[in-house]
Amino acid sequence: MDSSLIDLVFRSDKRKNLLILLDSGSKNIDEIKNTLDVTATSILPQIKKLIDHDLIVQEDRMYKLTVLGEFIIKKIKPLISALEVIEKNNSYWTGHDLNAIPRHLLERVSELGDCTFIEPDLNHIYEPSQEIIDSMANAKHASTFASYFNPAYLPLYVELGRKDAELSLNFTQSVWDHLSNEHSNMINELMGMDNVSLYVSKEGIKLTEITVTDRTMLLGLFDKKGKFDQQFIISSESSALLWGQELFDYFKRLSRQVNKI
């Protein structure tokens, strides 16, 4: 794609949004105006430019993508979506260490969709956010990898296990040692449940947490100094749940299952 074509697509939100709209099918001018909330006066010059560059074509008062337009929009839509995910919570993504996320999943960060940034309440700095607790309450299944210990989570896991939720819990060795030494009663109860699987991972994974339930995906990363700041990204998009489960499964493959303390 030469520079003039890059400018054509990215230097106008109207042109970019029109291409994305037409990716879902042909539209007439009224549909374009209503969907994009534009006037005919503002959008018609942009339509002409896209027609001149063979990205869209008009047939029987309907506008649609050309073969070239279809090819280009398929390539740039993931990039646009990824930029939107990052720009919405730019300080989080630029301030945290992304090295723990495998490259093939980092390249698909657009799948996280409409994320919400969660940061700790300074008055309850050591307590999990109520948003996190709510996201896990009454879950039918939950997969968690954690490289830090939060005492508020363990009773929640036990409660979910008692309600027959399918749980897959993966902790780093240091977290597991703490849990098995200081909270052996709850760990033993979890181990006695057929619906709960427990795993231990090696140290050094630069991810504070990935939790995926049937409703939400929660992602936590260390900051660039390797510190845990209790900041998270949460999403309820279906694509985010699949993305998060893939990330959990990635670390699960690097872990060992445990059946006794």
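**View 1. Helix 3 packs against helix 4 in this predicted model.** Helices are DSSP runs of H or I with at least four residues, and strands are E runs of at least two, numbered from the N terminus. The crossing of helix 3 and helix 4 is right-handed, a term for the near helix being turned clockwise from the far one by less than a right angle, with anticlockwise giving left-handed. From helix 3, Ile29, Ile32, Lys33 and Leu36 meet Ala40, Ile43, Leu44 and Ile47 of helix 4; contact means heavy atoms within 4.5 Å. This contact has seven nonpolar, no polar and one charged residues (Ala, Val, Leu, Ile, Met, Phe, Trp, Tyr, Cys and Pro count as nonpolar, Asp, Glu, Lys and Arg as charged, and the others, Gly among them, as polar).

Residues are numbered from 1 along each chain as its sequence is written, and side-chain values use heavy atoms, without hydrogens or water. Local features need pLDDT of at least 70 and side-chain atom pairs count only at pLDDT 80 or more, while totals for chains, interfaces and linings use all residues.

**View 2. Helix 2 crosses helix 5.** The axes of helix 2 (residues 13-22) and helix 5 (residues 67-88) come within 11 Å, crossing at roughly 115°, so helix 2 is roughly perpendicular to helix 5. Their crossing is left-handed. Lys16, Leu19 and Ile20 in helix 2 meet Ile73, Lys77 and Ile80 in helix 5. Four nonpolar, no polar and two charged residues make up the contact.

**View 3. Helix 9 runs beside helix 11.** With axes that come within 10 Å and cross at roughly 30°, helix 9 meets helix 11 (residues 184-191); helix 9 is therefore roughly parallel to helix 11. The crossing is left-handed. Leu154, Pro155, Tyr157, Val158 and Arg162 of helix 9 are in contact with Met186, Ile187, Glu189 and Leu190 of helix 11. Seven of these residues are nonpolar, none polar and two charged.

**View 4. The largest cavity is lined in part by helix 9 and helix 10.** About 80 Å³ of space lies in this cavity. A cavity is a set of points on a 1 Å grid over the protein atoms alone where a 1.4 Å probe fits but cannot get out, and lining residues have an atom within 4 Å of a point. Grid points are joined across faces, edges and corners, and the volume is the space filled by probe spheres set on them. Among the lining residues are Ala146, Phe149, Asn150, Tyr153, Phe171 and Leu179. Helix 9 (153-162) supplies the largest share, three residues. The lining has nine nonpolar, one polar and no charged residues.

How values were computed
Axes fitted to C-alpha atoms, helices over the stretch in contact; angles between N-to-C directions. Parallel < 35°, antiparallel > 145°, perpendicular 65-115°, else oblique. 1 Å grid on protein atoms, 1.4 Å probe; cavity = no way out; pocket = protein on both sides within 12 Å on 5 of 7 lines; lining within 4 Å.
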